[in-house]
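Student: I've got a model open and would like to talk through how it packs. Can we go through it together?

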Amino acid sequence: MTGEDLAKARKALGLTQAQFGERLGMGRRSIADIETGTSPVRLIHILALERLALTLAIERAEPMLAPAGIRREALDLAALIRGDASA
């Protein structure tokens, strides 16, 4: 994932750099540096983005905000919680 990809994902979630940074515990400037390539995108940023997308999908009742892989994992987890043997 590049900084540009991170910016596209942030915008798809409808967040400003400041809002995104606040939700991730980072400053707006740090987000801007990552998005412009001044700072590298690290695995922790990608994981935090995925977690935030899942959280926002739940908060907004918009499941498509969560990445496909995360949606699948959430469904698998729900099946386990329900005791569904097909999980």
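Student: How are α2 and α4 oriented to each other, roughly parallel or roughly perpendicular?
Tutor: Keep in mind that this is a predicted model. Helix α2 (residues 17-24) and α4 pack with their axes 10 Å apart, at an angle of about 100°. Angles from 65 to 115 degrees get one label, so α2 and α4 are roughly perpendicular.

Student: And by class, which residues make up the contact of α2 with α4?
Tutor: On the α2 side you have Phe-20, Arg-23 and Leu-24. They meet Ala-48, Leu-49, Leu-52, Thr-55, Leu-56 and Glu-59 in α4. Sorted by class, that contact comes to two charged, one polar and six nonpolar residues.

Student: Which element supplies the largest share of the largest nonpolar core?
Tutor: That core has 15 residues, and Leu-13, Leu-15, Phe-20 and Leu-56 touch the most other members. Both α3 (28-36) and α4 (43-60) supply at least two residues each. The largest share is six residues, and it comes from α4.

Student: Take Leu-15. Which residues is it in contact with, leaving aside neighbours within four places in sequence?
Tutor: Leu-15 is among the core members that touch the most others. Its contacts beyond those neighbours include Phe-20, which also meets α4 from the α2 side.

Student: Zooming out, how many helices and strands does the protein have?
Tutor: Read along the sequence, the pattern is α-α-α-α-α. That comes to five helices and zero strands.

Student: What share of the residues counts as buried?
Tutor: For scale, the C-alpha atoms fill a box of roughly 50 × 25 × 20 Å along the principal axes. The protein exposes about 5,600 Å², with carbon and sulfur atoms supplying 57% of it. Of its 87 residues, the buried share is 29%.

Definitions and conventions. Residues are numbered from 1 along each chain as its sequence is written. This is a predicted model: local features need pLDDT of at least 70, side-chain atom pairs count only at pLDDT 80 or more; totals for chains, interfaces and linings use all residues. Side-chain values use heavy atoms; hydrogens and water are left out. A nonpolar core is a set of buried Ala, Val, Leu, Ile, Met, Phe, Trp, Tyr and Cys residues joined through side-chain atoms within 4.5 Å. Buried means under 20% relative accessible area, exposed over 50%, partly exposed in between (1.4 Å probe, protein chains only). Helices (H or I, at least four residues) and strands (E, at least two) are DSSP runs, numbered from the N terminus. Contact means heavy atoms within 4.5 Å. Axes are lines fitted to C-alpha atoms, for helices over the stretch in contact, and angles run from 0 to 180 degrees between N-to-C directions. Angles under 35 degrees count as roughly parallel, over 145 as roughly antiparallel, 65 to 115 as roughly perpendicular and the rest as oblique. Ala, Val, Leu, Ile, Met, Phe, Trp, Tyr, Cys and Pro count as nonpolar, Asp, Glu, Lys and Arg as charged, and the others, Gly among them, as polar. Accessible areas come from the Shrake-Rupley method with a 1.4 Å probe; for residues, only the protein chains shown count as cover.
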